Amino acid sequence: MAIDWSDNIVIANLADEPALSDELSMICERIEEAAVGDPIPHAVLEFHEVSYMNSSNIAQLLRLRKNLEAHSRQLVLCGVTDEVMSVLVITGLHKVFSFAADMLTAIASIQIADESDQASG
């Protein structure tokens with residue numbers, strides 16, 4: 001279930017199917033249906049309980065990434081298991097997504113990037 005870490009970061013502890021598809025859909029819908037002016041959060045997805053990803057899950061991740069990037073937001077995948085990482089490497093998507101070793105590192109990387117953006121912008 002996705003929870004708000006702060007005003008601008010949502011985190012989700014993902015599990016295997018069918019929960020994986022449901023959770024990714026919910027996060028995508030939240031981003032897509034945000035009203036004009038509503039804050040769009042960054043997203044951190046924790047994959048340590050996910051042992052398999054199908055093509056539908058990959059499509060959902062790509063859709064989520066596209067929607068977040070359209071709002072200058074980050075998507076960080078963390079705790080990715082070897083099984084999931086091998087799917088991402090085989091498909092070349094390891095070059096597309098941002099990764100962190102764990103949730104706290106992912107959150108910190110987003111916060112540091114936000115501070116850098118605010119300082120330069």
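Helices (H or I, at least four residues) and strands (E, at least two) are DSSP runs, numbered from the N terminus. The structure is a predicted model, in which local features need pLDDT of at least 70 and side-chain atom pairs count only at pLDDT 80 or more, while totals for chains, interfaces and linings use all residues. Residues are numbered from 1 along each chain as its sequence is written, and side-chain values use heavy atoms, with hydrogens and water left out.

Consider the loops. Ser 72 is placed in the loop between helix 2 and strand 4. Its phi is near 55 degrees, a positive value in a residue other than glycine. Ser 72 counts as exposed, at 63% relative accessibility; exposed means over 50% relative accessible area, buried under 20%, and partly exposed in between (1.4 Å probe, protein chains only). The loop between strand 2 and helix 1 contains Pro 18, which is joined to Glu 17 by a cis peptide bond with omega about 0 degrees.

The side chain of Glu 17 also makes a polar contact with the side chain of Ser 21, at 2.6 Å. A polar contact is a pair of N or O atoms within 3.5 Å; within protein, one must be able to donate a hydrogen and the other to accept it, and residues adjacent in sequence count only if both atoms are side-chain atoms. Ser 21 lies in helix 1, residues 19–32, and is buried, with a relative accessible area of 17%. Leaving aside residues up to four places away in sequence, Ser 21 touches Asn 57 and Gln 60, where contact means heavy atoms within 4.5 Å.

Next comes the interior. A nonpolar core is a set of buried Ala, Val, Leu, Ile, Met, Phe, Trp, Tyr and Cys residues joined through side-chain atoms within 4.5 Å. The largest such core has 25 residues, of which Leu 45, Phe 47 and Leu 77 touch the most other members. Helix 1 gives the most to this core, with five residues. Not counting residues up to four places away in sequence, Phe 47 touches residues including Leu 14, Leu 61, Leu 77 and Cys 78. A second, separate core of 10 residues includes Val 44, Val 76, Ala 100 and Met 103.

What of the cysteines? A search of the whole structure finds zero disulfides, a disulfide being a pair of cysteine sulfur atoms within 2.5 Å. Cys 28 is buried at 1% relative accessible area, and Cys 78 is buried at 0%.
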